Amino acid sequence: MKTLALFVVLLAGAMLVYAGQDLPPFGDSTTDMYQNRVTQRYIAGTEVESGVPNMVTALLANYRGYDTLGETTVIFTAGVAVMLLLRRRET
Amino acid sequence: MTGIIDIVHAEYNYWIYTALMMIGFYAMIAKKNLIKKIIGANIFQTAIFLFYISLADITGGTAPIIWEGHEDVIYTNPVPHCLILTAIVVSVSTTAVALALIIRIYREYGSIEEDVILAARKSLQPEFSEYARQKGGEE
């Protein structure tokens, strides 16, 4: 059983290494992800549009506020689930 | 040989994340202890976080916080940082629910070892089916 698990893990690792050959080198600034106009717009527009110096905060709470609202739903659901699971019933 | 070393050195972040992900995956599928399975899942998630954050890095770039009075500052990419902030919250939520489930399992079966729980379930099976039959008869 452990050998089978090890085989599956090594297979997954080999697939990841094979797929990783197409990824850009570490610290490359010429990638599409960094030169994308969405990224450049966020970097250039944060100070003008939101006035927050921290770009990650501006992204999280201003540009992607609805995403953060959904995130709070996830925390709420997890809290309710934990409370329901750990409640001791009075019988 | 030097070619291989150069390739590994240029993309060492991908090798580290692959190694971490393999460790977490192995712990998730091979360990019998449920807490160790959760630790494996957390290592797996951390590998994903590391992958995204390493993709965001730019050589010579600073943290994505506006540096007053300086022009032509290279900032690292803030978008993956934001995505991973959300993913960390989801990771904490799933870990909390999983640990609560393990506490419930421990209260029912007195163990968090998977094979002990399965053996206990097997020995309890006739009672469970009897209970289900009575329940079905009532309705």
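Helices here are DSSP runs of H or I with at least four residues, strands are runs of E with at least two, and both are numbered from the N terminus. Read along its sequence, chain A follows the pattern α-α-α-α-α. That comes to 5 helices and 0 strands. Chain B also has 5 helices and 0 strands, and its elements run α-α-α-α-α from the N terminus on.

This is a predicted model, in which local features need pLDDT of at least 70, side-chain atom pairs count only at pLDDT 80 or more, and totals for chains, interfaces and linings use all residues. Residues are numbered from 1 along each chain as its sequence is written, while chains are lettered from A and ligands numbered from 1 in the order in which they are written.

## Shape and burial

Chain A is more spread out than a compact globule, because its radius of gyration is 22 Å, well over the 12 Å that the globule rule gives for 91 residues. The radius is taken over C-alpha atoms, and the rule is 2.2 Å times the number of residues to the power 0.38. The C-alpha trace of chain A spans about 60 × 45 × 15 Å along its principal axes.

A residue counts as buried if 20 or more other C-beta atoms lie within 10 Å of its own, exposed if 12 or fewer, and partly exposed in between, with C-beta atoms placed from the backbone. By that count, 13% of the 91 residues of chain A are buried. For the 139 residues of chain B, the figure is 17%.

Two residues are in contact if their C-beta atoms, placed from the backbone, lie within 7 Å. Among contacts in chain B between residues at least 6 apart in sequence, 44% join residues at least 24 apart.

## The interface

Chain B puts 38 residues in contact with 38 residues of chain A. On the chain B side, helix 2, helix 3 and helix 4 each supply at least two residues. Helix 4 gives the most, with 15 residues. The chain B side divides into 27 nonpolar, 8 polar and 3 charged residues. Here Ala, Val, Leu, Ile, Met, Phe, Trp, Tyr, Cys and Pro count as nonpolar, Asp, Glu, Lys and Arg as charged, and the others, Gly among them, as polar.

## Helix 5 of chain A on helix 4 of chain B

Helix 5 of chain A (residues 65–86) packs with helix 4 of chain B at an angle of about 10 degrees, their axes 9 Å apart. The pair is therefore roughly parallel. Angles under 35 degrees count as roughly parallel, over 145 as roughly antiparallel, 65 to 115 as roughly perpendicular and the rest as oblique. Axes are lines fitted to C-alpha atoms, for helices over the stretch in contact, and angles run from 0 to 180 degrees between N-to-C directions.

From chain A, the contact residues include Val74(A), Ala78(A), Ala81(A) and Leu85(A). From chain B, they include Val89(B), Ser93(B), Ala96(B) and Arg104(B).

## Helix 2 of chain B

Helix 2 of chain B has 19 residues and reaches 27 Å from first C-alpha to last, close to the 27 Å expected at 1.5 Å a residue. The expected span is 1.5 Å times one less than the number of residues. Its buried residues include Tyr14(B), Tyr17(B), Met21(B) and Phe25(B). The buried residues of this helix pack against helix 1 (2–20) of chain A together with helix 3 of chain B.

Thr18(B) sits in helix 2 of chain B. Thr18(B) is buried, with 20 other C-beta atoms within 10 Å. Leaving aside neighbours within four places in sequence, Thr18(B) is in contact with Gly13(A), Leu16(A), Val17(A) and Gly20(A).

## Helices 3 and 4 of chain B

Helix 3 of chain B (residues 34–56) has 23 residues and reaches 34 Å, close to the 33 Å expected. Its buried residues are Lys37(B), Gln45(B), Ala47(B), Phe51(B), Leu55(B) and Ala56(B). They pack against helix 2 (32–35) of chain A together with helix 2 (12–30) and helix 4 (78–109) of chain B. Gln45(B) has 20 other C-beta atoms within 10 Å. Gln45(B) and Met21(B) are 24 residues apart in sequence and 7.9 Å apart in space, C-alpha to C-alpha.

Ile105(B) lies in helix 4 of chain B. Ile105(B) is partly exposed, with 16 other C-beta atoms within 10 Å. Not counting residues up to four places away in sequence, Ile105(B) touches Leu34(B), Ile112(B) and Ile117(B). The C-alpha atoms of Ile105(B) and Leu34(B), 71 residues apart along the chain, are separated by 9.8 Å.
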